[in-house]
Amino acid sequence: MKIHIKRRLIIFAAALLTLILTAVLSFAIYGCIYDIRKNEAEHILHAYGKNLMLQFQGELNESDALARMACIMTEEDDIWFESAAASLLEREEVRYAALIKGDIMVRVLPQEIYGYQAGRDLKEFSYIYTLAKVVKDLVVEGPVILEGGDGQEVFLFLQPFLEGDAYLGGVAVALDCNYVLEQLGLGYMSQQGYDYELWRVEPQNGGKEVVAVSRENVDFSQAVKTTFNLPAQWNLSIQPRAGWISPGYRGAMITICFLTALLTLGFSVSQYQLFIRKRMLKQFSSIDSQTGLYNQVGFTDALNRWLSEGEEPVMLYYLVFEGYNQVSQMIGLQKETAFLQSIPRRLKEFIQNPYIAGRLSAGNFLVAVREDMDEIQQEDFARGLSLELLLKIRLDDERSFLSARYEYKCCLLGEGQAEEEISRLIHAYYTKRSQESPVRTLTEKCRQLTEGKDDVTFDEYTDLEMMELSKTFNQYRKQVEQLAYFDPVFNVGNRPKYMRDANMLISYDKKRQFSLFCVDICAFSQYNELFSADIGDQILREVVQRLSRLFGTYLYRINGDVFLGISMSGENEKTFADRLQGMLSAPVSAGNASFALQVRISVCCYPRNGDSPDVLLDRIQSALRYAKESDHNVVIYNKELDTIIRTEADILRKLKSAIHHETLEIWYQPMVHVETGRFFAAEALVRLPDENGGYFSAGQVIALAERSGMVEQLGDYVLQRACEFMSSHGESLGLRHMCINLSVQQLLVGNSADHLLDMIRDSGAGTEHITLEITESILIQSIEPASETLSRLRRTGLRIALDDFGVGYSSLNYLSNLPVDVIKIDRSLTQQLRTSTKQRALLRAIVEVAEINSLTVVSEGIETEDDQKLVSASGVQYIQGFYYARPMPGGELIKFLSV
């Protein structure tokens, strides 16, 4: 009867639990659907918010071009503004254009309507004219009604122009309100089933000013919203017209919950029955049949429960009857059984506190006791327990005893700790046993030597043979140490010796301060290349002698021509570094020649810049790398340098994550074919978001990738994405070539040509449509190993472009010998065309030589109409620059080229 009542209670509890779970599931599904709909709306809103900013700051901002012209015009008379704005005012949507110099309105068009405003101070106009002067950036206001106009609403764009950070004036352009709203494309939201509301916060009174709304009297309190500043705060709110959860979704949710309730109830009943059966089986599987104690599985589970409760300390004991298997066979099955069955009784009589006990194997036992003991109490308990479990035997009519050896420890409390605690205890037992033999002790010390421990000494023994062996090992240890810790050529410490010495200095006195000085000889390889390796070694020996005067035995050769010294003099780091540099500046004699060395020095200090030898070494090498990149002779590690290093590490982490999750953005900048005026090519560019709404410098990202060994992974990612874009959209957009930057490191790895070709072919893009761009200065340094790979790529139809041509290495003589098809003129050259006749002549010469060698010429960095005219007149075939188009994401490029 009681069993039936218990089952009914369990079934009732299962039914109640099912109802609760169903209710929870209902809320979960409701929340999930709500979150999905909201995420969809947020994605649409995020993309649309970007588009609104692009429209306001780019396509709709007609004042930008006039402001740029105003910035470069030097004429006292501002009559140029009328001619410059004439074509703009011919457009129907343009209502108004004005030029402001300082605080005075100097030109206002159309003059017949607004000309009377000329000569007036900005204070006489709306606050937004002064706001543009204050923020020194684009200001958008609207809808507003212009003073003196016909009463039509307009959007007013105010673009200041600056000289450095100084405000010079501004340009104001007013566009028809309906035209602006039409260009913003807000109707797309309605087509997608969303209500929208575009509104802004009035800066003067903080009130809400609705600009556009899909329907009147709609409550947007539950809508998702995006915000952008122009500089007033603009907001766009959207929400589904039918609500976040539609009636159809509600019906489906009720059906799912009902079916889930039925399935859950059935599953609960079946699981209950299965649980009963498993519990019965588990009780039998966790007990040792001979003793009635836990077996290894049962003991581990029981100990886990104790440790997870975390109430009292738990002492764990491991007892081993060594030789048990041999003894048990000799005493017979009956006596062994009697002994094993007596163990639970003995444990119960000896242990007063709560305990659990288990048998791991024939003569191995574990006991856990809940009791707080000190070291002496633990030892006494273990000794007493081993005596209590003493096995008394009689062999060959002689009475003897088999006692248990033991090991013990205090367990760490926490869930899931039992298996690890048992493993540690058993390992400690056998480790201790192995240390009791002299031969095993010698073996262990030899193993420690092979692992790199430097404090190993071999003891003396009374046995003469062991003594002789120990002496031999000590002599061998000293020879190994000499090989392991000293540079064999210059007899100074190496990197491992630095780690050992620095560890000793820190461990002996953690408060003692010392400084590290890293010395790198600039361009040292030239001495080996121009003279000989012997000359290079003589130079380094002289450097070692000079450095030894300051550092003594704390001098180390870290790598090649890089030395590290530890100073504990307490002298000011900058003073010490200057003295060190002065010592090394004296000419060095080697062979029959004399050499004046130039060195770079980096400095860091313990404990200010690091608390361990490896951290200090890493940071002083980072400082040395920074000295090389920034061309400084002495760099002392500081917080600013640490910030730079952390920023670089953050960029690398974000880059690795972006590549792994395929969120790294690829933008494209189209190139104009000068003869036809059409966009026939585009360049793929990397854009890594910085999580602050902007992007890291592409040059910095690529440089860090090259330094960290990620450039091949980055290059493969860009190549794959750009080729896939070209395969999918190139033909429809009229693109004949996709230009993709390639690091020379990608060319120098084995089988690089096959790897690159396989990626291009797998993307579906034709090799004849892909151009690989390689930086000129880097290619010239690696031309011999890269030439064969480039030639093989060109034979498949791929084009090779020489990027940044005109920066330092450029020579017209070698163009005919390089394995390239395209040269891209660097912007540093094109930006000098307006002011330098020599640069214009150089550009024409480059084009002429390129034509002779059948090379295509692309000019980069064209931003103004004057630049465009000068470059077009030189005969280049393609032009790339902001004058025609800025870099843009793939989706925007499709829209841009589809117009």
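This is a predicted model: local features need pLDDT of at least 70, side-chain atom pairs count only at pLDDT 80 or more; totals for chains, interfaces and linings use all residues.
Residues are numbered from 1 along each chain as its sequence is written, and side-chain values use heavy atoms, with hydrogens and water left out. Helices (H or I, at least four residues) and strands (E, at least two) are DSSP runs numbered from the N terminus.

**The sheet**

- Four strands make an open, antiparallel sheet in the order β7-β6-β9-β8; strands pair if DSSP finds at least two bridges between them.
- β7 (208-213) and β8 (224-229) are the edge strands, each with a single partner, so one side of each has no neighbour in the sheet.
- On average, neighbouring strands of this sheet are turned by 25° against each other, direction ignored; the axes are lines fitted to C-alpha atoms, for helices over the stretch in contact, with angles from 0 to 180 degrees between N-to-C directions.
- β6 (residues 194-201) and β9 (residues 233-240) run antiparallel and are joined by 7 bridges, and Y194 stands opposite P240 in β9.

**Aromatic contacts**

- The model has 24 aromatic pairs, where rings of Phe, Tyr and Trp (its six-membered ring) pair if their centres lie within 6.5 Å; planes under 30 degrees apart count as stacked, over 60 as edge-to-face and the rest as tilted.
- W667 and Y695 form an edge-to-face pair, with ring centres 5.2 Å apart and planes at 70°.
- This pair links distant parts of the chain, 28 residues apart: W667 belongs to strand β23 (residues 665-673), and Y695 to the loop between β24 (678-687) and α22 (698-708).
- W667 is buried at 16% relative accessible area, whereas Y695 is partly exposed at 29%; buried means under 20%, exposed over 50%, and partly exposed in between (1.4 Å probe, protein chains only).
- Y883 and Y884 are also paired edge-to-face, 5.0 Å centre to centre with 85° between the planes; Y883 is partly exposed at 33%, and Y884 is partly exposed at 25%.
- One aromatic cluster is formed by Y317, F350, F381, Y406 and Y408.
- The charged end of R120 sits over the ring of F125, 4.7 Å from its centre, and that of R886 sits over the ring of F882 at 4.3 Å; the rule asks for NZ of Lys or CZ of Arg within 6 Å of the ring centre and within 35 degrees of the ring normal.

**Helix α11**

- The buried residues of α11 are E336, F339, L340, S342, I343, R346 and L347.

**Backbone features**

- Most residues other than glycine have a negative phi, and most peptide bonds are trans.
- The L109 to P110 bond is cis, with omega near -5°, and P110 is in the loop between β2 (104-109) and α4 (111-114).
- Y606 and P607 are joined by a cis peptide bond with omega about 0°.
- N217 has a positive phi near 60°, and is exposed at 83% relative accessibility.
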